[in-house]
Every structure is written in structure tokens, then in C-alpha cells.
Amino acid sequence: MRVDFSPPYIDQSIIDEVVDTMKSGWITTGNKVKLLETEIQTFTDSKSVLCVNSWTSGAIMILKWLGLKPKDEVIIPAYTYAATALAVFHAGGTPVMVDVSDDYNISLDAIHKAITPKTKAIIPVDVAGWPCDYKEIMQIVNDKEIKSLFTPTSEIQAKLGRILVLIDAAHSFGGKYDGKNIGVGADLTIFSLHAVKNITTAEGGAICLNMPLPFDNNNLYDEFRSMSMNCQSKDAYTKSMAGSWKYDIVGFGMKINMPDLNAAIGLAQIKIIADLLIKRTEISNYYNKAFSKFDWAILPVNKTLLKESSYHVYCLRIKEITEIQRDKII
Ligand SMILES: Cc1ncc(COP(=O)(O)O)c(C=O)c1O
């Protein structure tokens, strides 16, 4: 049997939404992006959501905003995709890789050991869709002693007064933590909407803003939206209105906005996310049942009282296997 590597889910409703966008005469950032942001905001219960053109570009923008300096450190897990580290480098900081626990997610003990006055952010990764220990990580950064170590090197860092927690939720759209959908467990959470992800916009990312006071998440949305469009004082849609051509470049931004054409795919997909997640859960349960017969199989934990996976990737471990055997199986 041939099993394709995660083809995107495309049905007629998705094709219709894309065609509708093409016929509308507006294909770059506009109404459909706004609608997708609102859908993700409602789904996650976030304070605000901004869509961009990838997880990677969104993370670079956020870390640039945080004002990383070359010696500033960002703690990341050693087990992740390259983008987690690359985002830190591109933003001008230094990634510090620490070990993971048995569930492949960042180890709390390793975080503790890695924190120094240079630490400005932590990027826990929800590997395969399994949520990290959000509560414990937030407790670490809010700990009095750890806060007293914190040495800001930018105005934003000083305003926060502690280490920022940015969740790499590239895999975990639809996962659950403490009865809520992933998205609100930390200061910022970024989903990837790349073609193989649980919902997709072909390429894309969604930044969930849940920054604590004194930050205002609606103001931050406006700031990040402008940053994602070269810091133009007006977006293309507003500029297109009669008599509204004049604009300024008010900062040092990036060009990473999501086009409506892409948002259309995600907009149609998020309407059926419940069905897509049921299907993924069924497949995962099917694998669990099939593999549980074999004593060489170590099955992934996908559900506890506190957490539930987004069932993005089924991580099967096989006892005493060589690298060559692993590659053959894959
Ligand atoms: C853990 C992790 N982080 C970040 C990314 C980057 O996502 P994007 O391709 O949207 O930039 C990926 C992509 O697969 C990923 O697996």
C-alpha cells in the first residue's frame, strides 16, 4: 500500500473559496485574511491574532521586536525543526539548545539550568502536536528569583520585566491544554499553516497575541501588522481607496503579510477543523491498536487529563533499532 506524505486536504468548499477570492479582484492582504484571523482568534480564545506568510517569518519579526542583541540568549529545545533556531539567529540573538524529556518536549529541568541574565526568551516546541508544560514554564519565568536575574537590553524587554515565552506551535493547531485549544498558554503562540499542517494556507503562520499588562494586544496587533508590511502607515487595501494613496514608512519592517488568496484556503479549512481532528484522532487510535500488539513498539502518549495532542504526527518509537533500519522503515 502506498501512503502519501500528508497531502493537503482540498475539497470543493476550499476550491470555491479560492475561486471566489480570484474573482473578487482582491488577492493580496484584505478581507479574507481578517476573517481567518477572527476565526483563529475565536477558536483559540486569544486576545488577538495576526496572520503572516510563515511561522519562520512571524517568529523572526517577534524576536526582532523584542530587541535581541547578539549576546542575548533564547532557550530552545535540541529536538525541533531548524526554523526554531534560525529565527533566533535572523533576529540577531543566540540560540541555546537544551535537552528534551521523554515526550520529546523541552525539559523543565534543562530550562532551569540554562537560564542566565542573558536569557531573553524561551521557545518551547509542541513536538508532533503534543503540548509542552505551559503552566510550569510560565511559573519559571514568573519566579521571583529568576525575574531578579533578568537584565533587559531593550525597551520592550524592560516593559515585560521577565523572560518572554513564545510557543512554537507549528504542529499543534487543534491540540488542547487544560480544556482549551492551544493558543493561549503563553505570551505568544505561533502556528505554522504550511501545506502539511493540520490546517493550511499553502504557506503561512498565525501569531496568537496574549501578552500580559501593560501590553495592549490590540495595539500590538496594529504594530505587528504594520511591521509585517514594511512598516507602511497604510496597508494596500486602504491605499487603494479613492484619495488615499499617500502613506509613510514609519519603521524598519519586514514584508511578510499573508495574501487573501492563501487565507481563502485556511478559511475554508478552519470551518471543518472539528471533522479533520476527529479523523486524525481515529487514525492515531487505529495505529495505537495495531502497534500495541508488538513489544518492540513504544507508542506515543496522545491524551492525558491535562493535555491532548493535535495528532499532527504519529511518533512511533521502536526499541533497539539502528539508524539504517529506521530509514528503511520510513
Ligand atoms: C517545529 C517547527 N517549527 C517551525 C516550523 C516552520 O514553519 P514554517 O514552514 O511555517 O515557517 C516548522 C515547519 O515545519 C516546524 O516543524
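## Ground rules

Residue numbers start from 1 along each chain as its sequence is written. Because the model is predicted, local features need pLDDT of at least 70 and side-chain atom pairs count only at pLDDT 80 or more, while totals for chains, interfaces and linings use all residues.

## Around the ligand

The ligand is surrounded by 14 residues, the closest being Trp55, Thr56, Tyr81, Ala170 and Ser192; a residue is near when its C-beta atom, placed from the backbone, lies within 6 Å. Five of the shell residues are nonpolar, eight polar and one charged (nonpolar: Ala, Val, Leu, Ile, Met, Phe, Trp, Tyr, Cys and Pro; charged: Asp, Glu, Lys and Arg; polar: the others, Gly among them).

Helices α3 (55-65) and α4 (82-90) each give the shell at least two residues. Helices (H or I, at least four residues) and strands (E, at least two) are DSSP runs, numbered from the N terminus.

## Lys118 in its loop

You will find Lys118 in the loop between α5 (108-114) and β4 (119-122). Lys118 counts as partly exposed because it has 17 C-beta neighbours inside 10 Å; buried means 20 or more other C-beta atoms within 10 Å, exposed 12 or fewer, and partly exposed in between, with C-beta atoms placed from the backbone.

Beyond neighbours within four places in sequence, Lys118 is in contact with Lys71, Asp72 and Glu73 (C-beta atoms, placed from the backbone, within 7 Å).

In α9 (residues 217-227), Phe224, Arg225 and Met227 are buried. Seen down the helix axis, the buried residues fall within an arc of 155°, so they line one face; the arc is taken from the directions from the axis to the C-beta atoms.

Their cover includes β1 (48-52), α3 and β9 (205-209). Asn218, Asn219 and Asp222 are exposed on the face of α9 turned away from the buried side.

Terms used:
Contact = placed C-beta atoms within 7 Å.
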